[in-house]
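Subject: A structure for you to look at

Hello,

As promised, I am handing over the structure we talked about. Please open it alongside this message, and my notes follow below.

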Amino acid sequence: MNSEEKPNSGSPEPRREPLPPLAPPAPQQPAPAPDEAPSQTGRQRLGAAVWPPRVTRAQLIVAVLLFVLGLGLAIQVRSNSDESALRGARQEDLVRILDDLDNRSQRLEDEKRRLEDQRTELENSSDQAEEARKQTLQKEQQLGILAGTVAAQGPGITLTIGDPSGTVEPDMLLDAIQELRAAGAEAIQVNGVRVVADTFFSGTAGDIEVDGKRVSAPYTFKVIGKPQDLEPALNIPGGVVQTLEKEQATATVARSEKIIVDALRPAERPDYARSSSQ
């Protein structure tokens with residue numbers, strides 16, 4: 001028998017307590033991003049949304065069209081707001097301008113009526129050949145007056161332009177001619193020079209030439225036409241008379257029942273043009 005005693009096999013074994021269950025691992029917190037940007041303000045977010053601009057081709061075309069439309073409207077408004085010469089005109093000046101327009105319209109109506117009468121005479125005349133010859137002669141006289149190859153007389157006005165300061169330019173005299181023609185002048189001569197369709201003014205103030213012929217002040221215009229139309233056309237606001245007076249020149253208009261225009265132009269045969277009836 002050994003000196004070591006064996007434990008009693010019948011004795012109960014020591015009680016073992018169960019281990020507690022393992023706890024789930026704690027979720028890891030995300031590491032803060034380095035250099036995290038601070039929250040943006042509303043103005044900064046709006047700026048970031050609109051810039052840089054994201055423009056499509058269609059939007060660009062629409063923008064260009066709107067710009068052109070706005071520019072046109074601005075120009076139109078500005079032109080309408082500009083003061084015109086008529087805005088500051090007196091009532092009698094406006095009445096005179098209206099009368100001048102009415103007279104021009106009446107002259108056109110008279111010319112239309114005259115041509116219609118000639119056509120009626122040709123259609124109704126028993127001797128159409130003789131009537132045609134008579135009208136041809138009348139037309140020849142009229143064309144001779146317009147071409148300056150024959151003298152003319154009739155009612156009209158005399159326009160005298162004085163230039164003591166030597167400031168009247170050639171274009172001022174040309175403006176007077178154009179205004180007289182628009183008012184119905186049928187024959188004009190300036191200081192003995194017949195004015196026709198191809199008349200030109202050249203030179204400088206104090207040294208003016210008409211069709212290459214030198215003329216000096218006072219400049220005398222002999223004009224055949226209806227005096228009631230010619231004189232108001234020169235005196236309209238901003239017209240010939242006022243323009244000359246601004247240049248320290250003088251302009252006087254005298255009506256007459258008999259104006260003689262006897263300065264003639266040589267009849268020149270055209271080099272190439274021929275009548276289509278030949």
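**What I found**

Val64 counts as partly exposed, because its relative accessibility is 46% (buried means under 20% relative accessible area, exposed over 50%, and partly exposed in between, with a 1.4 Å probe and protein chains only). Val64 has its place in helix H2, residues 57-81. Helices here are DSSP runs of H or I with at least four residues, strands are runs of E with at least two, and both are numbered from the N terminus.

Before going on, a word on the source: this is a predicted model, in which local features need pLDDT of at least 70 and side-chain atom pairs count only at pLDDT 80 or more, while totals for chains, interfaces and linings use all residues. Residues are numbered from 1 along each chain as its sequence is written, and side-chain values use heavy atoms, with hydrogens and water left out.

Val64 also belongs to a nonpolar surface patch with Leu60, Phe67, Val68, Leu71 and Ile75, and together they have about 610 Å² of accessible area. Areas come from the Shrake-Rupley method with a 1.4 Å probe, and for residues only the protein chains shown count as cover. Patch members have over 30% relative accessible area and no salt bridge; nonpolar side chains (Val, Leu, Ile, Met, Phe, Trp, Tyr) are joined within 5 Å, like charges within 9 Å. A salt bridge is a side-chain nitrogen of Lys or Arg within 4 Å of a carboxyl oxygen of Asp or Glu.

Next, helix H3 (residues 91-124): its buried residues are Asp93, Ile97 and Asp100. Helix H6 (227-234) is among the elements that cover them, where contact means heavy atoms within 4.5 Å.

Now the strands, which pair if DSSP finds at least two bridges between them. Strand S7 (residues 219-224) pairs in the antiparallel sense with S1 (residues 152-162) over 6 bridges, and Tyr219 in S7 stands opposite Ile161. S2 (residues 187-190) is also antiparallel to S7, over 4 bridges, with Val190 bridged to Phe221.

Finally, some backbone details. The peptide bond from Ala217 to Pro218 is cis, with omega near 0°, and Pro218 is found in the loop between S6 (213-215) and S7. Asn191, in the loop between S2 and S3 (193-195), has a positive phi near 50°. Gln248 has a positive phi of about 65° and lies in the loop between H7 (240-246) and S8 (250-261). Most residues other than glycine have a negative phi, and most peptide bonds are trans.

Best wishes
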